[in-house]
Amino acid sequence: MGVRSRRQSRGTRKVTASPSSDDRLARAPVDGGGPDRLRDRVADWRNRLLASARFQRWAAGFPLTRPIARRQAHGLFDLTAGFVYAQVLYCCVRLRLLDTLWHAGPQPLATLADRVSLPLDAADRLVRAATSLKLLETRADGRIGLGPKGAVVVGSPGIAAMVEHHAMLYADLADPIALLRGQRGPTRLGAYWPYANTEDPRELSEDSVGGYSQLMAQSQPLVAAEALEAYPFHKHRRLLDVGGGDGAFLTAAAEALPELELMLFDLPAVAERARRQFAAASLGDRITAHGGDFFADPLPGGADAISLVRILHDHDDARVARLLANVYSALPVGGTVVVAEPMASDDSAAPVGDAYFGFYLLAMGRGRARTPAEQRSLLESAGFSRVRAWRTRQPFLARVMSARKDTA
């Protein structure tokens, strides 16, 4: 290290005659306080340091901190460019580019451009962008093939369905500040999920529930797999899935747990769709579907376990309290409620629960992601005890909690 570098390094700790604004940020005194303020003081010091352009340049050049600095800078740029990345994925899904490569195999660029009806230069731009995101990759002979992330999308139809569905979310987020202030007016997601903004959802027609029911059926297998693996449903005799939609979760449960008796409860129009799905899958004799409003109508009895799969986060605390009271009444003493859904957290799953679902549910018009501690509080307030969290492979997809009814 040269003399100038050593002086610059010492300069981050020593006040000079005319410090820059970056220096002032880095050297600003930390507010005093008791020992309980230590964590806040350390965080404030860290933020002043990271806000310093001089420190940023030093960290990016120092061998021990260079990988961390570059990773953080790259992550921040990804956050800034995230919408553009999402639009690249949307183009690949909407143009059926990934499906084309899955079925036809790697293709020359000109052939691929013709297949997806894009000018050659536009196809080249999209392919380059998708390749950088690992949705596509260039093979040794110059042909374009599926990349690792593209293969995952093709293998998980629910992902592609959600990507196309996000066109409505992006429209609602065109002015996110107006949405936060309640000045947005009717949203497209609010209309898409009609039960969120209707006085009596029991009156909804099959046509009005068809779109969202199909989306749920396409995306439910990802959550169903997590829940069925995490929680030991085999110890129960009969399971009632409340808000079960088209029956995707129960269809998976029927395959995984052949001895388990199964029931579904959802809005009348949705329950009718489920009956047809069960009949088509030769499950009509094994799964019974019941229609009603789970806030207003009694739930069918006879189940010693009730599942709520991606249900609670759609509703505010008051509605959740009513639903859990209804669930509690329907269960026998010793019965169990199982909750499976994405939750807010302070770990790697936090962006899904707090950021994605936080704004998605805002655009939808009701509900919020809750932490496991908040879920526990709601369950205990409803009378449940022995609340337990179950480990899942993909916490960002779903966390699973159970609680028991120990008293009548």
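In helix α6 (residues 97-104), Leu97, Leu98, Thr100 and Leu101 are buried, buried meaning under 20% relative accessible area and exposed over 50%, with partly exposed in between, for a 1.4 Å probe and protein chains only. These residues lie on the same side of α6 because they cover an arc of only 160 degrees around the axis, the arc being that of the directions from the helix axis to the C-beta atoms. Trp102 and His103 are exposed on the face turned away from the buried side of α6, and just after this helix Gly105 takes a positive phi of about 85 degrees. Helices (H or I, at least four residues) and strands (E, at least two) are DSSP runs, numbered from the N terminus.

This is a predicted model, in which local features need pLDDT of at least 70 and side-chain atom pairs count only at pLDDT 80 or more, while totals for chains, interfaces and linings use all residues. Residues are numbered from 1 along each chain as its sequence is written, and side-chain values use heavy atoms, with hydrogens and water left out. The predictor's confidence in each residue, pLDDT, runs from 0 to 100.

| Region | pLDDT |
|---|---|
| Chain | average of 86 |
| Residues 1-31 | under 50 |

Key
Contact means heavy atoms within 4.5 Å.
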